Amino acid sequence: MTKQPLQKLFDAMYHGKHSFDDFLRSPVDKNYEVIETGDFGARKLFKPKENLKLYHRFLNLFLFELLPINERVVFSYRKGFSALNAVQQHTQSKYFFQTDIQSFFDCIDQGLTKSTILAGESNCPIADLPDHVDRIVELVCIDGSVPVGLPASAPLSNAVLFNFDNEMERLCQRSELSYSRYADDIIISGQKQDAVQEIGHAVQKTLHQFSSEKFFIHHGKTRFFQVGGKIKILGMMILPNGKISIDTKKKNELEVLLFFYLNDREKFKSIVNQAKRRTDAGRELVKDDYIAYLSGNINYVDSIDPDYTDTGLHSWREERQR
């Protein structure tokens, strides 16, 4: 890899259409909007303006998407991968542990962001990265942490747990267990109950030791479970035969959407409006938004359980139209 100064890479990407001086000095707080949903417990979403978007695209291409991650166990925010891949690692297991990291993005602070960037310096083509690292941290951290909604937040959130993922994989392999992570969701499974419980109880300590002392598992969402009960992980069901299907609640939601789309468009629009308040607050939806929402739900279900969309939905639709 031939390393180049950051300005040379920036100018090569944008050919003078955007100013490197603005990249270095433009005030970050003028380049995003905060979306407030008003829902109880809802997190703030940050919507970047065009300048900040292009800065993040540049940094993603030459830095954040090149930071080391453990691709064997991490499936979030990666092209060609989804939550389905994270669940597939566990289809043959009998015992399971699942948890998530509380306020994950809020806990990715400036210090962790900077150390993660510098730890990946050898992977990126930026020759003068240490000279610009503080400005890069300023561009991706708002109010002291990495926010949800900015383009660089996703790949960075994968990289900050690189050492933790490696250690969890090592511990699980030693005990013949499977480990996967999807964003802040952590899954461990295997054939031996004691082994799953032992490693599960070690997750918190491992987070502090190999990533950040600001990371705490969400005890309200932590659970041990086993075959014989309902095996639901990341909204998907692992059936007794090892097949992955959609949770019944998600199927019911899709069937309701289809029913009202076919029979009562105003009610259908009302349901979609309510569902999209969180991500489209303050924007009036148009016809294409409603169709895209329905299509997205159908495509999501089809990507996980095509048998259901091929047979179940077809039969359901025929029955409702009789």
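Buried means under 20% relative accessible area, exposed means over 50%, and partly exposed is what lies in between (1.4 Å probe, protein chains only). Keep that scale at hand for this tour of a predicted model, in which local features need pLDDT of at least 70, side-chain atom pairs count only at pLDDT 80 or more, and totals for chains, interfaces and linings use all residues. Residues are numbered from 1 along each chain as its sequence is written, and side-chain values use heavy atoms, with hydrogens and water left out.

**The whole chain**

Start with everything in view. The C-alpha trace spans about 65 × 55 × 40 Å along its principal axes. Colour by secondary structure and you can look for 13 helices and nine strands; these are DSSP runs numbered from the N terminus, helices being H or I with at least four residues and strands E with at least two. Of the 322 residues, 46% count as buried.

**Phe-162**

Now select Phe-162, which lies in helix H8. Is Phe-162 buried, partly exposed or exposed? Its relative accessibility is 25%, so Phe-162 counts as partly exposed. Show its contacts (heavy atoms within 4.5 Å). Leaving aside residues up to four places away in sequence, Phe-162 touches Pro-68, Ile-69 and Asn-70.

**Two aromatic pairs**

Rings of Phe, Tyr and Trp (its six-membered ring) pair if their centres lie within 6.5 Å; planes under 30 degrees apart count as stacked, over 60 as edge-to-face and the rest as tilted. A search of the whole structure finds 20 aromatic pairs.

Phe-164 and Tyr-179 are both buried.

Next, select residues 50-62, which make up helix H3. Which residues of H3 are buried? They are Leu-52, Leu-54, Tyr-55, His-56, Phe-58, Leu-59, Asn-60 and Phe-62. Their cover includes helix H1 (6-14), helix H2 (20-25) and strand S1 (32-35).

**Helix H10**

Move on to helix H10 (residues 248-263), and pick out its buried residues: Lys-251, Leu-254, Glu-255, Leu-257 and Leu-258. Look down the axis of H10: these buried residues fall within an arc of 155 degrees, so they line one face of the helix. The arc is that of the directions from the helix axis to the C-beta atoms.

**Charges over rings**

For the last stop, select Arg-265 and Tyr-261: the charged end of Arg-265 sits over the ring of Tyr-261, 3.8 Å from its centre. The charged end of Arg-78 likewise sits over the ring of Phe-81, 4.0 Å from its centre. A charge sits over a ring if NZ of Lys or CZ of Arg is within 6 Å of the ring centre and within 35 degrees of the ring normal.

Methods. Expected span 1.5 Å × (residues − 1).
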